[in-house]
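Please look over the sequence and the model shown here before reading on.

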Amino acid sequence: MADSAATSSLPTLIESEFQFLADFIPQLVWITDPTGDHLYFNQRWIDYTGYALADSVGPDMWNNLLHPDDRARARQVWGHSLATGDNYEIEYRFKSKAGDYRWFLGQASPRCDESGSIATWFGTCTDIHDQKLAAEALAERESEFTTLADNVAQLSWMARPDGNIYWYNKRWYDFTGTTPEEMAGWGWQKVHHPKHASQVVEFVRAAWAKGEPWELTFPLKRHDGEYRWFLTRAVPIRDEHGQLLRWLGTNTDVTKMRELQEQLQNSYADLEAKVTFRNLELEHEVQKLRKQLGAA
């Protein structure tokens, strides 16, 4: 008799434990029949939406709680899972009883009977609102950074502490005509002038090891094969403990400046030569005049 009583009370105990677990976990929990009609919501669902189970029946009720911009997509994804038995997963905005919307990750998996037919769907809605906003804010900052980096006049890049370059701005690729795959790591050597490449590599390896700001001028090959001179500067970025995180570098086209400097130097040299030649002429005239005066 005692064993029989314990056996008969087992389903009630399991149901009670399930109810406690479903109400305890932080997700909104729900169960539907094979067609998508809701059979169960946990207490967190009721607390968040303000809908009791009696108010939350039918295949479309939940769709009315979604943000209008998410309804069609959610209906399509859920309809696909109901038709195919594929697991359900989607991100959408769900309305609270206060009327505001929060982002949730909706997930559901089917439970099949002995014949392999879907008996019920078990689903959860996990609040990801804060993570979603943080990710959107990060994406916005990254977009702003990319826009800024791609529109500065310099070719820009970032490297790991060992000097392995992992990012270039758009101007670098436009100038060199290369691809990210070609430039990965130390691929930048491909666009250096053969006469200067080994010296540049030797210099930057030593600079990476020192971990101090550095600059160097060398030619880089343009996409049409022409070499132009660039002033390259790199600064180390460190964390609050002084640990080197990455390098930020820029390449500034100084070809015209070098050409002007060369022209200026040539002009000075030419002027100096002319002055020297004129001085010699004057000296010759002076000597000639002295001879004339001496003869007189």
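## The chain as a whole

The model is predicted, so local features need pLDDT of at least 70 and side-chain atom pairs count only at pLDDT 80 or more, while totals for chains, interfaces and linings use all residues. Residues are numbered from 1 along each chain as its sequence is written, and side-chain values use heavy atoms, with hydrogens and water left out.

The chain has 9 helices and 10 strands, where helices (H or I, at least four residues) and strands (E, at least two) are DSSP runs numbered from the N terminus. Of its 296 residues, 30% count as buried; buried means under 20% relative accessible area, exposed means over 50%, and partly exposed lies in between, with a 1.4 Å probe and protein chains only.

## Two nonpolar cores

A nonpolar core is a set of buried Ala, Val, Leu, Ile, Met, Phe, Trp, Tyr and Cys residues joined through side-chain atoms within 4.5 Å. The largest one has 23 residues, and those with the most contacts inside it include Trp-157, Tyr-168, Trp-214 and Trp-247. Among the elements that give two or more residues to this core are strand S6 (155–159), strand S7 (165–168) and helix H8 (194–210), and H8 gives the most, with 5 residues. Apart from this core lies another, of 18 residues, among them Leu-65, Ala-74, Tyr-88 and Cys-125.

If neighbours within four places in sequence are left aside, Trp-214 is in contact (heavy atoms within 4.5 Å) with several residues, including Trp-157, Phe-203, Trp-208 and Trp-247.

Two strands pair if DSSP finds at least two bridges between them, and here 3 bridges join S6 to S7, which run antiparallel. Trp-157 stands opposite Tyr-168 in S7. The two strands form a hairpin with 5 residues between them, and Gly-163 in the turn has a positive phi of about 95 degrees.

## A closer look at Thr-126

Leaving aside neighbours within four places in sequence, Thr-126 is in contact with Gln-27, Trp-103, Phe-104 and Leu-105. Thr-126 and Trp-103 are 23 residues apart in sequence, yet their C-alpha atoms are 8.5 Å apart in space.
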